[in-house]
Amino acid sequence: MSVRVLHVITGLGTGGAERNLYNLLAAGVSAPDEVAVIALMDEGSYGPRIRELGIEVHALGMRQGIPAPWTLPRLGALVRRFAPDVIQGWMYHGNLMASMAARLCRQRPAVSWNVRQCLYQIERHKPLTRWAIRANRRLSGGPGAIVFNSRLSRRQHRDFGFRDDAALVIPNGFDTAAVAPDSASRQQVRKRLGFTDEQRVVGHVARCHPIKDHPNLLRACVTVAERMPLARFLVVGRGVDFDAPELAGIVPDEYRSRFLLTGERDDVGELMQAMDVFCQSSWLEAFPNALAEAMACELSCVATDVGDSDYILGTSGRIVPPRDSQALARALLEALNEPADRRRERGREARERIVSEFGLDQVVEQYRQLYQRIGLPAQIGSLPSAPSSEASTETVSETASEPASGPSTRP
């Protein structure tokens, strides 16, 4: 029996949640005529791509998730016309609007939330986001399911007061047939980018945002450049520029020629073929997509110990404390100086882990089972009840605090 699913997401621009929604839809989590998408803001880059799948996409045109006077009537009309069995929210603002949309629908569909980030210190978020997080906490007794893409994220939100008896973890999924090593492409891409066979390329993929901690990355790379003349650095992501205020002055002029800053690219999988070692430098993540994609490309990886990075890596890579550029540099130098055979062995182990634990088909099936469980009429009456009282704490427990230290590297 099919389940009609309406997805409500903040926007459809370039981002991890947006990409994961697209991947699920492209992989057929629902039939095209049994699914629709509402973006609270605009269609971004993924809206047209989702529409090409034969799926309805509607953008409400909100500004930063703040409803305009015409928003709720239009939302109500769209929900009643589509008549979903399940409304799936994505991220805090999308979750709130998913719950509101269910109240605007006569048949009261089941609601599922999707939380896509870890919760280290709420004070670090913008005021509107802090309000949305607290509102999610107050209303977390309502949805039939709360999906987290990270085990740490689930624990942190539970300790902050989110309902946990309806919580489950479904990780991000990856099409490992499409994201894979390609030795022929590697030679071509390296030549096009100007890298020689002797050079060792450290790669990084992330938009320029404080949580991605590009200053930490660049400081580590400068240390590597000082000690390893053949090291080169391929940095991919929107807004990454030596002249950006937060990055200015970190890389000395004499080393800048060894860095290739590409800006935002839509061929990241191809660019990863040119890398020898992948680096993640963030101080806050839940489930880092770029790390898993690099592993699927059989890259030896170095990552900061945030979110589920340690769990994703398994024993295949090196994990270091966040915001410690010297520890990051040491791990990068170890990875770059490893014998090529050992580096390739780590890469194969990394790919095997992504294939076995985070394949897209497995993730799609978990979402299908979830929607069948909460969305079919026979099941809706048996949803778990809300907790008797809301946790009042504003402090995330010790398990959720920002990691200040961690293992230096894996052997």
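A cavity is a set of grid points where a 1.4 Å probe fits but cannot get out. The exercises below use this term on a predicted model.

**Exercise 1.** Find how many cavities of 30 Å³ or more the structure holds, and describe what lines the largest cavity.

*Solution.* 
Step 1. The structure has two cavities of 30 Å³ or more.
Step 2. The largest cavity contains about 50 Å³ of space.
Step 3. Its lining is made up of Asn20, Asn23, Leu24, Arg116, Ile170, Pro171, Asn172, Gly173, Leu360, Val363 and Tyr367.
Step 4. Sorted by class, the lining of the largest cavity has six nonpolar, four polar and one charged residues.

**Exercise 2.** Determine which element gives the most to the lining of the second largest cavity.

*Solution.* 
Step 1. This cavity holds about 30 Å³ of space.
Step 2. List the lining of the second largest cavity: Leu6, Ala36, Ile38, Glu56, His58, Leu78, Arg81 and Phe82.
Step 3. At least two residues come from each of β2 (35–39), β3 (56–59) and α3 (71–82).
Step 4. With three residues, α3 gives the most.
Step 5. The classes in the lining of the second largest cavity are five nonpolar, one polar and two charged.

**Exercise 3.** Describe how α3 and α4 are placed relative to each other.

*Solution.* 
Step 1. Two packed helices are described by the angle and the distance between their axes.
Step 2. The axes of α3 and α4 (residues 91–103) come within 9 Å and cross at roughly 65 degrees.
Step 3. Angles of 65 to 115 degrees count as roughly perpendicular, so α3 and α4 are roughly perpendicular to each other.
Step 4. The crossing of α3 and α4 is right-handed.
Step 5. In the contact, Thr71, Leu72, Leu75 and Val79 of α3 meet Met97, Met100 and Ala101 of α4. Six of these residues are nonpolar, one is polar and none is charged.

Methods
Residues numbered from 1 in each chain as written. Predicted model: local features only at pLDDT ≥ 70, side-chain atom pairs only at ≥ 80, totals over all residues. Heavy atoms only, no water. 1 Å grid on protein atoms, 1.4 Å probe; cavity = no way out; pocket = protein on both sides within 12 Å on 5 of 7 lines; lining within 4 Å. Points joined across faces, edges and corners; volume = space filled by probe spheres on them. Nonpolar A, V, L, I, M, F, W, Y, C, P; charged D, E, K, R; others polar. Helix = DSSP H or I, 4+ residues; strand = E, 2+ residues; numbered from the N terminus. Axes fitted to C-alpha atoms, helices over the stretch in contact; angles between N-to-C directions. Parallel < 35°, antiparallel > 145°, perpendicular 65-115°, else oblique. Left-handed = near helix turned anticlockwise from the far one by under 90°. Contact = heavy atoms within 4.5 Å.
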